[in-house]
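Have the sequence and the 3D view at hand, try each task, and then read the solution below it.

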Amino acid sequence: MAIDRDLIAKEAAIGMYDQQPADNHQRGFSVITAFPLLVIPFIVYNILALFSLGGSDEAAYNAVTQVLFNLPMPSAGTHWSVNVGDVILFGALICLFFELLKSTKSDKVAIVNHSLSMVLFIVCLVEFLLFRPFATSAFFLLTFMTLMDVLAGFIVTAVSARKDIDFGH
């Protein structure tokens, strides 16, 4: 019986004979990894908007757009007004950064993460379009960040998966 050395070399090149990791815990499904981080600023904004309703949409809208503090700027007579929405956006940008880092993986958890991010985007869009406390520039930018997370996640995952497949040949 002849040994097909070319076939064995091809199988070895694609890793068919590689040892499987003994610790299968690393390859398991992790809820923390699948959790879209942009849910955190979304929940903060919702809590602030919904619990400050006080009987009217105007009260909730004012709570979100309320100025927290003013910082003097070097130019004469200029102050930078920081409101609640700005602080939430700052936290959302940090979350978006880590979401983009997480999107470079092309495993099952990443697909679940992208799917949950899509659901989050749809919920944000519905809230922005239908409810007064969410009709602010800050919430629009938060909604846009969730869209960018969805698009970047699917694009980066597709590109990295394609590179993984191309590398295997």
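Predicted model: local features only at pLDDT ≥ 70, side-chain atom pairs only at ≥ 80, totals over all residues.

Residues are numbered from 1 along each chain as its sequence is written, and side-chain values use heavy atoms, with hydrogens and water left out.

**Exercise 1. Find the salt bridge and describe its two partners.**

Step 1. A salt bridge needs a side-chain nitrogen of Lys or Arg within 4 Å of a carboxyl oxygen of Asp or Glu. Searching the whole structure turns up 1 salt bridge.

Step 2. The partners are lysine 102 and glutamate 99, at 3.1 Å from N to O.

Step 3. Now place them: both belong to helix 5 (residues 84-102), 3 residues apart, about one turn of the helix. Helices here are DSSP runs (H or I, at least four residues), numbered from the N terminus.

Step 4. Check the cover, where buried means under 20% relative accessible area, exposed over 50%, and partly exposed in between (1.4 Å probe, protein chains only). Glutamate 99 has 1% and is therefore buried, while lysine 102 counts as partly exposed because its value is 21%.

**Exercise 2. Follow helix 6 and sort its residues by cover.**

Step 1. Helix 6 covers residues 108-130, 23 residues in total. From first C-alpha to last it reaches 33 Å, close to the expected 33 Å; that expectation is 1.5 Å times one less than the number of residues.

Step 2. Its buried residues include Asn113, His114, Leu120 and Glu127. Glutamate 127 is buried because its relative accessibility is 12%.

Step 3. List what glutamate 127 touches, with contact meaning heavy atoms within 4.5 Å. Leaving aside neighbours within four places in sequence, the contacts are Phe42, Asn46, Phe134 and Phe139.

Step 4. Turn to methionine 118, also found in helix 6. At 32% relative accessible area, methionine 118 is partly exposed.

**Exercise 3. Which residues of the largest nonpolar core touch the most other members?**

Step 1. A nonpolar core is a set of buried Ala, Val, Leu, Ile, Met, Phe, Trp, Tyr and Cys residues joined through side-chain atoms within 4.5 Å.

Step 2. Among the 19 residues of this core, Leu38, Tyr45, Leu120, Phe139 and Met145 touch the most other members. Helix 5 supplies the largest share, 6 residues.

Step 3. Leaving aside neighbours within four places in sequence, the contacts of leucine 38 include Leu96, Glu99, Leu120 and Met145.

Notes
Helix = DSSP H or I, 4+ residues; strand = E, 2+ residues; numbered from the N terminus. Contact = heavy atoms within 4.5 Å.
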